Amino acid sequence: MRDKPWYAVVYMFVVTAFFSSIVIGFAEFTKGRVESNKRIAFERSVLEVFGLSAGVPAGRIHEVFVESIREPDDDSGGAYVYVKDDDVKGYAVEIAGKGFWAPIKGILGLKADKETVTGISFYEQNETPGLGAQIESDAFREQFDGKRISLSGDPLIIKPVGAELGDNEVHAISGATQTCRRLGVFINEDVSKWLGEMAGKADD
Amino acid sequence: MSPNGRTIAGRDIIRDGLWGNNPVFRQVLGICSTLAVTNVVLNTLVMCVSLTCVMSLSCLTVSLLRNWTPRNIRMMVQVLIIAFYVIIVDLILKAYWPDMSSNLGPYVGLIITNCIIMGRCEAFAGLNKPVASLIDGFFNGLGYSFLLLTISVFRELMGMGTILGIEMPYFSGIWDKWIIMVMPPGAFFALACLIWVCRSFKAKEGA
(Lines give C-alpha, C1' and ligand atoms only; values in the text may rest on other atoms or scores of the structure.)
Protein backbone atom coordinates (compact mmCIF):
# COMPACT_ATOMS: atom_id res chain seq x y z
CA MET A 1 0.00 0.00 0.00
CA ARG A 2 2.84 2.39 0.86
CA ASP A 3 4.19 2.13 -2.71
CA LYS A 4 0.95 3.39 -4.25
CA PRO A 5 1.15 6.97 -5.54
CA TRP A 6 -2.02 8.02 -3.73
CA TYR A 7 -0.62 6.92 -0.38
CA ALA A 8 1.59 10.02 -0.02
CA VAL A 9 -1.31 12.33 -0.84
CA VAL A 10 -3.72 10.69 1.56
CA TYR A 11 -1.04 10.50 4.25
CA MET A 12 -0.19 14.21 3.96
CA PHE A 13 -3.87 15.09 3.99
CA VAL A 14 -4.57 13.09 7.13
CA VAL A 15 -1.50 14.37 8.99
CA THR A 16 -2.24 17.98 8.05
CA ALA A 17 -5.88 17.69 9.06
CA PHE A 18 -4.87 16.19 12.40
CA PHE A 19 -2.31 18.82 13.38
CA SER A 20 -4.28 21.76 11.99
CA SER A 21 -7.38 20.84 13.92
CA ILE A 22 -5.42 20.83 17.16
CA VAL A 23 -3.89 24.24 16.36
CA ILE A 24 -7.27 25.70 15.40
CA GLY A 25 -8.82 24.36 18.56
CA PHE A 26 -6.05 25.78 20.71
CA ALA A 27 -6.16 29.16 18.96
CA GLU A 28 -9.91 29.35 19.62
CA PHE A 29 -9.30 28.42 23.23
CA THR A 30 -6.74 31.22 23.78
CA LYS A 31 -8.35 33.83 21.49
CA GLY A 32 -10.26 35.58 24.25
CA ARG A 33 -7.18 35.85 26.42
CA VAL A 34 -4.97 37.14 23.63
CA GLU A 35 -7.46 39.86 22.76
CA SER A 36 -8.04 40.91 26.33
CA ASN A 37 -4.26 41.07 26.87
CA LYS A 38 -4.00 43.53 23.99
CA ARG A 39 -6.90 45.57 25.31
CA ILE A 40 -5.44 45.68 28.82
CA ALA A 41 -2.05 46.78 27.48
CA PHE A 42 -3.79 49.65 25.70
CA GLU A 43 -5.91 50.67 28.67
CA ARG A 44 -2.93 50.50 31.01
CA SER A 45 -1.08 52.77 28.63
CA VAL A 46 -3.86 55.37 28.68
CA LEU A 47 -4.08 55.28 32.48
CA GLU A 48 -0.31 55.48 32.80
CA VAL A 49 -0.01 58.90 31.15
CA PHE A 50 -2.34 60.33 33.81
CA GLY A 51 -0.52 58.50 36.61
CA LEU A 52 -3.56 56.32 37.33
CA SER A 53 -2.10 52.89 36.72
CA ALA A 54 0.52 52.72 39.48
CA GLY A 55 -0.03 49.61 41.58
CA VAL A 56 -3.20 48.57 39.77
CA PRO A 57 -3.15 44.81 39.06
CA ALA A 58 -3.95 43.65 35.51
CA GLY A 59 -7.31 42.35 36.68
CA ARG A 60 -8.51 45.80 37.77
CA ILE A 61 -7.16 47.89 34.88
CA HIS A 62 -10.39 47.70 32.92
CA GLU A 63 -12.45 48.73 35.94
CA VAL A 64 -10.29 51.80 36.59
CA PHE A 65 -10.30 52.63 32.89
CA VAL A 66 -14.09 52.62 32.68
CA GLU A 67 -14.33 54.72 35.85
CA SER A 68 -12.09 57.56 34.77
CA ILE A 69 -11.72 57.54 31.00
CA ARG A 70 -14.38 58.65 28.51
CA GLU A 71 -14.40 57.19 25.01
CA PRO A 72 -13.30 59.55 22.22
CA ASP A 73 -16.03 61.71 20.72
CA ASP A 74 -16.30 64.67 18.36
CA ASP A 75 -15.59 67.21 21.08
CA SER A 76 -12.28 65.55 22.02
CA GLY A 77 -10.97 65.41 18.46
CA GLY A 78 -10.66 61.63 18.63
CA ALA A 79 -8.70 61.51 21.88
CA TYR A 80 -9.67 59.57 24.99
CA VAL A 81 -10.70 61.95 27.77
CA TYR A 82 -9.72 61.74 31.44
CA VAL A 83 -12.72 62.84 33.46
CA LYS A 84 -12.85 63.36 37.22
CA ASP A 85 -15.91 64.73 39.02
CA ASP A 86 -17.43 65.66 35.65
CA ASP A 87 -14.46 67.89 34.86
CA VAL A 88 -12.18 67.22 31.90
CA LYS A 89 -8.75 66.63 33.41
CA GLY A 90 -6.85 65.64 30.32
CA TYR A 91 -6.70 64.17 26.86
CA ALA A 92 -4.98 60.94 25.79
CA VAL A 93 -3.85 61.34 22.20
CA GLU A 94 -2.99 58.15 20.35
CA ILE A 95 0.38 58.26 18.65
CA ALA A 96 1.46 55.62 16.18
CA GLY A 97 3.96 55.23 13.41
CA LYS A 98 6.95 53.40 12.06
CA GLY A 99 9.78 52.52 14.42
CA PHE A 100 13.16 51.19 13.44
CA TRP A 101 11.94 47.58 13.10
CA ALA A 102 8.19 47.57 13.48
CA PRO A 103 5.29 49.91 14.26
CA ILE A 104 5.34 51.77 17.56
CA LYS A 105 2.03 52.63 19.22
CA GLY A 106 1.57 54.71 22.28
CA ILE A 107 -0.30 57.44 24.10
CA LEU A 108 0.62 61.04 24.82
CA GLY A 109 -1.27 62.56 27.71
CA LEU A 110 -2.09 66.28 27.82
CA LYS A 111 -3.74 68.36 30.51
CA ALA A 112 -7.10 70.02 29.88
CA ASP A 113 -5.20 73.15 28.73
CA LYS A 114 -4.11 71.05 25.69
CA GLU A 115 -0.53 72.23 26.17
CA THR A 116 1.03 70.64 29.23
CA VAL A 117 2.21 67.07 28.77
CA THR A 118 1.20 64.70 31.58
CA GLY A 119 3.15 61.73 30.31
CA ILE A 120 3.90 59.36 27.47
CA SER A 121 3.63 55.58 27.29
CA PHE A 122 3.92 52.83 24.72
CA TYR A 123 1.84 49.70 24.41
CA GLU A 124 3.33 48.25 21.27
CA GLN A 125 6.92 48.42 20.12
CA ASN A 126 9.53 46.04 18.82
CA GLU A 127 12.68 48.11 18.95
CA THR A 128 16.14 46.69 19.71
CA PRO A 129 16.21 45.58 23.37
CA GLY A 130 18.66 47.73 25.29
CA LEU A 131 18.59 50.52 22.69
CA GLY A 132 15.40 51.59 20.93
CA ALA A 133 13.34 49.64 23.43
CA GLN A 134 14.56 52.13 26.05
CA ILE A 135 11.74 54.40 24.92
CA GLU A 136 9.72 52.36 27.40
CA SER A 137 12.15 53.09 30.23
CA ASP A 138 11.10 55.46 33.00
CA ALA A 139 14.20 57.58 32.47
CA PHE A 140 13.21 58.41 28.91
CA ARG A 141 9.49 58.79 29.50
CA GLU A 142 9.75 60.92 32.63
CA GLN A 143 11.44 63.63 30.58
CA PHE A 144 8.09 64.38 28.95
CA ASP A 145 6.25 65.06 32.18
CA GLY A 146 5.37 68.72 32.47
CA LYS A 147 6.73 69.74 29.06
CA ARG A 148 4.67 72.34 27.23
CA ILE A 149 4.05 71.60 23.59
CA SER A 150 4.79 74.39 21.18
CA LEU A 151 1.78 75.71 19.27
CA SER A 152 3.92 77.03 16.44
CA GLY A 153 6.27 74.68 14.61
CA ASP A 154 6.86 71.16 15.88
CA PRO A 155 4.96 70.50 19.12
CA LEU A 156 7.77 68.42 20.66
CA ILE A 157 11.43 68.13 19.76
CA ILE A 158 13.81 65.25 20.57
CA LYS A 159 17.40 66.52 20.80
CA PRO A 160 20.71 64.65 21.01
CA VAL A 161 22.00 63.81 24.49
CA GLY A 162 23.86 66.72 26.02
CA ALA A 163 22.03 69.48 24.12
CA GLU A 164 20.39 72.26 26.11
CA LEU A 165 16.67 71.78 26.43
CA GLY A 166 13.83 74.20 25.92
CA ASP A 167 10.28 73.97 27.21
CA ASN A 168 9.18 71.48 24.55
CA GLU A 169 12.40 69.53 24.14
CA VAL A 170 13.64 66.19 25.47
CA HIS A 171 16.85 64.19 25.11
CA ALA A 172 17.07 61.25 22.72
CA ILE A 173 18.52 57.86 23.66
CA SER A 174 22.14 57.41 22.66
CA GLY A 175 22.54 54.45 20.33
CA ALA A 176 18.91 54.67 19.24
CA THR A 177 19.09 57.57 16.82
CA GLN A 178 16.73 56.06 14.26
CA THR A 179 14.07 55.07 16.77
CA CYS A 180 14.11 58.56 18.29
CA ARG A 181 14.04 60.33 14.95
CA ARG A 182 11.03 58.34 13.77
CA LEU A 183 9.36 58.73 17.13
CA GLY A 184 9.76 62.50 16.87
CA VAL A 185 8.21 62.50 13.42
CA PHE A 186 5.03 60.65 14.25
CA ILE A 187 4.49 62.24 17.66
CA ASN A 188 4.49 65.60 15.94
CA GLU A 189 2.27 64.47 13.07
CA ASP A 190 -0.33 62.99 15.38
CA VAL A 191 -0.26 65.79 17.94
CA SER A 192 -0.44 68.51 15.24
CA LYS A 193 -3.37 66.74 13.64
CA TRP A 194 -5.16 66.52 16.96
CA LEU A 195 -4.46 70.17 17.77
CA GLY A 196 -5.85 71.06 14.34
CA GLU A 197 -9.06 69.19 15.05
CA MET A 198 -9.43 70.78 18.47
CA ALA A 199 -8.79 74.24 17.00
CA GLY A 200 -11.54 73.55 14.48
CA LYS A 201 -13.90 72.76 17.36
CA ALA A 202 -13.07 75.99 19.18
CA ASP A 203 -13.97 78.03 16.10
CA ASP A 204 -17.42 76.46 15.80
CA MET B 1 26.38 9.99 12.59
CA SER B 2 23.39 7.73 13.01
CA PRO B 3 23.74 4.68 10.82
CA ASN B 4 20.46 3.05 10.06
CA GLY B 5 19.36 0.28 12.34
CA ARG B 6 22.19 0.49 14.84
CA THR B 7 21.15 1.45 18.33
CA ILE B 8 23.11 4.32 19.79
CA ALA B 9 23.88 4.59 23.46
CA GLY B 10 22.10 7.40 25.28
CA ARG B 11 25.38 8.66 26.67
CA ASP B 12 26.84 9.18 23.22
CA ILE B 13 23.74 11.05 22.07
CA ILE B 14 24.00 13.35 25.06
CA ARG B 15 27.70 14.00 24.61
CA ASP B 16 27.30 14.66 20.90
CA GLY B 17 24.41 17.07 21.42
CA LEU B 18 26.12 19.05 24.14
CA TRP B 19 29.67 19.13 22.87
CA GLY B 20 31.05 16.71 20.26
CA ASN B 21 28.55 17.62 17.59
CA ASN B 22 27.18 20.82 19.17
CA PRO B 23 24.71 22.39 16.75
CA VAL B 24 26.06 25.92 17.16
CA PHE B 25 29.85 25.82 17.38
CA ARG B 26 30.43 22.50 15.57
CA GLN B 27 27.77 22.49 12.90
CA VAL B 28 27.29 26.27 12.89
CA LEU B 29 23.53 25.92 12.50
CA GLY B 30 20.76 28.14 13.84
CA ILE B 31 22.99 31.19 13.69
CA CYS B 32 20.26 33.70 12.86
CA SER B 33 18.52 33.22 16.18
CA THR B 34 21.88 33.04 17.96
CA LEU B 35 22.63 36.50 16.67
CA ALA B 36 19.17 37.95 17.08
CA VAL B 37 17.96 37.08 20.55
CA THR B 38 21.15 37.11 22.60
CA ASN B 39 21.36 40.76 23.62
CA VAL B 40 19.34 40.37 26.83
CA VAL B 41 19.59 37.24 29.00
CA LEU B 42 15.87 36.94 29.77
CA ASN B 43 14.83 36.91 26.11
CA THR B 44 17.51 34.33 25.38
CA LEU B 45 16.31 32.15 28.22
CA VAL B 46 12.72 32.09 26.97
CA MET B 47 13.90 31.47 23.43
CA CYS B 48 16.08 28.56 24.56
CA VAL B 49 13.28 26.96 26.57
CA SER B 50 10.89 27.35 23.62
CA LEU B 51 13.38 25.90 21.16
CA THR B 52 14.28 22.96 23.39
CA CYS B 53 10.61 22.07 23.90
CA VAL B 54 9.81 22.38 20.22
CA MET B 55 12.87 20.37 19.24
CA SER B 56 12.32 17.52 21.71
CA LEU B 57 8.65 17.13 20.80
CA SER B 58 9.24 17.49 17.06
CA CYS B 59 11.95 14.84 17.11
CA LEU B 60 9.68 12.55 19.12
CA THR B 61 6.78 13.02 16.73
CA VAL B 62 8.87 12.63 13.59
CA SER B 63 10.31 9.45 15.03
CA LEU B 64 6.88 8.07 15.95
CA LEU B 65 5.64 8.62 12.41
CA ARG B 66 8.87 7.50 10.70
CA ASN B 67 7.63 4.05 9.66
CA TRP B 68 4.49 5.44 8.01
CA THR B 69 5.93 8.54 6.40
CA PRO B 70 6.77 8.07 2.70
CA ARG B 71 10.41 9.06 2.03
CA ASN B 72 9.58 11.43 -0.79
CA ILE B 73 7.38 13.71 1.33
CA ARG B 74 9.22 13.38 4.65
CA MET B 75 10.46 16.97 4.68
CA MET B 76 6.96 18.36 4.20
CA VAL B 77 5.81 16.28 7.14
CA GLN B 78 8.75 17.48 9.27
CA VAL B 79 8.05 21.13 8.56
CA LEU B 80 4.40 20.58 9.37
CA ILE B 81 5.20 18.97 12.71
CA ILE B 82 7.73 21.67 13.67
CA ALA B 83 5.34 24.45 12.67
CA PHE B 84 2.63 22.82 14.74
CA TYR B 85 4.66 22.94 17.94
CA VAL B 86 5.98 26.43 17.24
CA ILE B 87 2.47 27.82 16.81
CA ILE B 88 1.42 26.21 20.06
CA VAL B 89 4.39 27.82 21.89
CA ASP B 90 3.66 31.16 20.25
CA LEU B 91 0.00 31.01 21.31
CA ILE B 92 0.93 30.09 24.87
CA LEU B 93 3.27 33.09 25.12
CA LYS B 94 0.72 35.44 23.56
CA ALA B 95 -2.01 34.33 25.91
CA TYR B 96 -0.15 33.90 29.17
CA TRP B 97 3.01 36.01 28.89
CA PRO B 98 2.17 38.89 26.54
CA ASP B 99 5.16 41.02 27.59
CA MET B 100 7.61 38.33 26.63
CA SER B 101 5.73 37.62 23.45
CA SER B 102 6.14 41.23 22.38
CA ASN B 103 9.83 41.23 23.41
CA LEU B 104 10.61 38.26 21.23
CA GLY B 105 8.54 39.60 18.37
CA PRO B 106 8.76 37.48 15.26
CA TYR B 107 11.56 35.27 16.54
CA VAL B 108 9.28 32.68 18.09
CA GLY B 109 7.59 32.12 14.74
CA LEU B 110 10.99 31.89 13.15
CA ILE B 111 11.87 28.84 15.24
CA ILE B 112 10.14 26.98 12.41
CA THR B 113 13.00 27.84 10.11
CA ASN B 114 15.72 27.11 12.67
CA CYS B 115 17.91 24.66 10.77
CA ILE B 116 18.92 22.82 13.94
CA ILE B 117 15.45 21.33 14.40
CA MET B 118 15.02 20.19 10.85
CA GLY B 119 18.62 18.98 10.86
CA ARG B 120 18.00 16.77 13.87
CA CYS B 121 14.69 15.49 12.49
CA GLU B 122 16.32 14.61 9.21
CA ALA B 123 19.63 13.26 10.51
CA PHE B 124 18.43 11.48 13.61
CA ALA B 125 14.72 11.30 14.41
CA GLY B 126 13.71 9.99 10.99
CA LEU B 127 16.00 6.98 11.45
CA ASN B 128 15.89 6.23 15.15
CA LYS B 129 13.51 5.08 17.85
CA PRO B 130 11.27 7.61 19.62
CA VAL B 131 13.00 7.66 23.01
CA ALA B 132 16.46 8.06 21.51
CA SER B 133 15.10 10.85 19.29
CA LEU B 134 13.55 12.64 22.23
CA ILE B 135 16.88 12.50 24.09
CA ASP B 136 18.73 13.68 21.00
CA GLY B 137 16.37 16.61 20.45
CA PHE B 138 16.46 17.62 24.09
CA PHE B 139 20.24 17.56 24.43
CA ASN B 140 20.83 19.30 21.16
CA GLY B 141 18.47 21.94 22.51
CA LEU B 142 20.57 22.17 25.66
CA GLY B 143 23.73 22.37 23.58
CA TYR B 144 22.22 25.29 21.72
CA SER B 145 20.96 26.89 24.91
CA PHE B 146 24.21 26.85 26.86
CA LEU B 147 26.02 28.55 24.01
CA LEU B 148 23.33 31.18 23.57
CA LEU B 149 23.16 31.88 27.28
CA THR B 150 26.93 32.30 27.46
CA ILE B 151 26.82 34.80 24.63
CA SER B 152 23.90 36.70 26.11
CA VAL B 153 25.52 36.96 29.56
CA PHE B 154 28.57 38.60 28.00
CA ARG B 155 26.54 40.84 25.73
CA GLU B 156 24.16 42.10 28.38
CA LEU B 157 26.95 42.54 30.93
CA MET B 158 29.31 44.42 28.64
CA GLY B 159 26.63 46.31 26.76
CA MET B 160 24.26 47.31 29.55
CA GLY B 161 26.09 46.45 32.78
CA THR B 162 23.29 44.17 33.96
CA ILE B 163 22.38 40.48 34.03
CA LEU B 164 18.69 39.56 33.84
CA GLY B 165 18.06 43.28 34.29
CA ILE B 166 19.82 43.31 37.67
CA GLU B 167 22.63 45.82 38.01
CA MET B 168 26.03 44.23 38.46
CA PRO B 169 28.75 45.72 40.65
CA TYR B 170 31.56 47.37 38.69
CA PHE B 171 29.83 46.90 35.34
CA SER B 172 26.91 49.24 35.98
CA GLY B 173 29.16 51.86 37.56
CA ILE B 174 32.78 52.22 36.53
CA TRP B 175 32.59 50.12 33.35
CA ASP B 176 32.14 52.21 30.23
CA LYS B 177 29.30 50.40 28.52
CA TRP B 178 30.06 48.94 25.11
CA ILE B 179 26.84 49.75 23.35
CA ILE B 180 28.01 47.83 20.30
CA MET B 181 27.63 44.60 22.29
CA VAL B 182 23.83 44.88 22.43
CA MET B 183 23.66 45.91 18.80
CA PRO B 184 23.71 43.32 16.01
CA PRO B 185 27.45 43.63 15.21
CA GLY B 186 28.28 42.73 18.83
CA ALA B 187 26.59 39.38 18.27
CA PHE B 188 28.99 38.52 15.48
CA PHE B 189 32.02 39.33 17.60
CA ALA B 190 30.70 37.43 20.60
CA LEU B 191 29.73 34.37 18.56
CA ALA B 192 33.03 34.29 16.72
CA CYS B 193 35.04 34.50 19.93
CA LEU B 194 33.00 31.77 21.55
CA ILE B 195 33.28 29.41 18.57
CA TRP B 196 37.02 30.02 18.64
CA VAL B 197 37.30 29.26 22.34
CA CYS B 198 35.12 26.13 22.15
CA ARG B 199 36.92 24.74 19.16
CA SER B 200 40.34 25.26 20.66
CA PHE B 201 39.26 23.16 23.65
CA LYS B 202 38.30 20.40 21.30
CA ALA B 203 41.70 20.48 19.65
CA LYS B 204 43.47 20.03 22.99
CA GLU B 205 41.37 16.98 23.81
CA GLY B 206 42.67 15.51 20.58
CA ALA B 207 39.35 13.72 20.08
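Just after helix H1 of chain A, Gly51(A) adopts a positive phi of about 65°; helices (H or I, at least four residues) and strands (E, at least two) are DSSP runs, numbered from the N terminus. The structure is a predicted model, in which local features need pLDDT of at least 70 and side-chain atom pairs count only at pLDDT 80 or more, while totals for chains, interfaces and linings use all residues. Residues are numbered from 1 along each chain as its sequence is written, and chains are lettered from A and ligands numbered from 1 in the order in which they are written.

Helix H1(A) itself comprises 45 residues and reaches 64 Å from its first C-alpha to its last, close to the 66 Å expected at 1.5 Å a residue, the expected span being 1.5 Å times one less than the number of residues. A bend of about 45° occurs in H1(A) at Thr30(A), where the bend is the angle between axes fitted to the seven residues ending there and the seven starting there. Among the buried residues of H1(A) are Val15(A), Asn37(A) and Val49(A). A residue is buried if 20 or more other C-beta atoms, placed from the backbone, lie within 10 Å of its own, exposed if 12 or fewer, and partly exposed in between.

Chain A contains four helices and seven strands, arranged from the N terminus as α-α-β-β-β-β-β-α-β-β-α. Its radius of gyration is 23 Å, well over the 17 Å that the globule rule gives for 204 residues, so chain A is more spread out than a compact globule; the radius is taken over C-alpha atoms, and the rule is 2.2 Å times the number of residues to the power 0.38. The C-alpha trace of chain A spans about 80 × 40 × 35 Å along its principal axes, and buried residues make up 32% of the chain.

Positive phi values also occur outside glycine. Asp85(A), with a phi of about 50°, lies in the loop between strands S2 (80-84) and S3 (87-98) of chain A. This residue counts as exposed because it has 5 C-beta neighbours inside 10 Å.

At the interface, 24 residues of chain A are in contact with 26 residues of chain B, contact requiring C-beta atoms, placed from the backbone, within 7 Å. Helix H1 (residues 5-49) of chain A gives the most to the side of chain A that touches chain B, with 15 residues.

Terms used. Contact = placed C-beta atoms within 7 Å.
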